[in-house]
Amino acid sequence: MAAPAIKSGELVTLQDLRPSSMFFKHGASLRVIGKLQEYNVETAIAIIADGNAILKVEAQHLRNLTFRIGSVYQFIGELVIKPENEAVLEARVGRNVDGIDLKLYHQTLQLLRQFQADHIRN
């Protein structure tokens, strides 16, 4: 039997991860970006923020990543919905993306979604 394929990670913003969103699904493979607010070495839990939205990232599998408060990180992993709709991303990939223009990143993501929606309609 073949191993299940690893999903690529849908590009989402932290603002997209609210309970009413189509991206807010247990097991969804997601790619997120945010500024590191906290990191607990003992639990390997990072908290990233983008604007007023925050997300917990479980980073125990990211051995070679150095965490710096205030730096911008991108993570790919699977979303776990805990009791009371608390979302935690179980990261399988993480990287520091300091220097990225977050405003331009968000504009590009909006254009990509618009292109995809137009392509589906046609």
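User: What makes the span of helix H1 agree with its number of residues?

Analyst: H1 covers residues 102-121, 20 residues in this predicted model. Helices are DSSP runs of H or I with at least four residues, strands are E runs with at least two, and both are numbered from the N terminus. The expected span is 1.5 Å times one less than the number of residues. Because the model is predicted, local features need pLDDT of at least 70 and side-chain atom pairs pLDDT 80 or more, while totals for chains, interfaces and linings use all residues. Numbering runs from 1 along each chain as its sequence is written, and side-chain values use heavy atoms, without hydrogens and water.

User: What does Asp101 reach at the start of H1?

Analyst: A side-chain oxygen of Asp101 comes to within 3.1 Å of the backbone nitrogen of Lys103.

User: Why is the pair of Tyr39 and Phe67 called stacked?

Analyst: Rings of Phe, Tyr and Trp (its six-membered ring) pair if their centres lie within 6.5 Å; planes under 30 degrees apart are stacked, over 60 edge-to-face, the rest tilted. The centres of Tyr39 and Phe67 are 4.1 Å apart and the planes stand at 15°, so this pair is stacked. Tyr39 sits in strand E2 (residues 29-40), and Phe67 in the loop between strands E4 (53-58) and E5 (72-82), 28 residues apart.

User: Why is the pair of Tyr73 and Phe75 called stacked?

Analyst: Their ring centres are 6.1 Å apart and their planes at 20°, so the pair is stacked. Tyr73 is buried at 0%, and Phe75 is buried at 0%. Ring pairs join Tyr39, Phe67, Tyr73 and Phe75 into a cluster. The whole structure holds four aromatic pairs.

User: Which strand gives the most to the lining of the largest pocket?

Analyst: E4 does, with four residues. E4 and strand E6 (86-96) each supply at least two. Of the 13 lining residues, those closest to the centre are Leu17, Ile54, Leu55, Asn85 and Ala87.

Key. Polar contact = N/O pair within 3.5 Å; in protein donor to acceptor, adjacent residues only side chain to side chain. Buried < 20%, exposed > 50% of the residue type's maximum accessible area, 1.4 Å probe, protein only. 1 Å grid on protein atoms, 1.4 Å probe; cavity = no way out; pocket = protein on both sides within 12 Å on 5 of 7 lines; lining within 4 Å.
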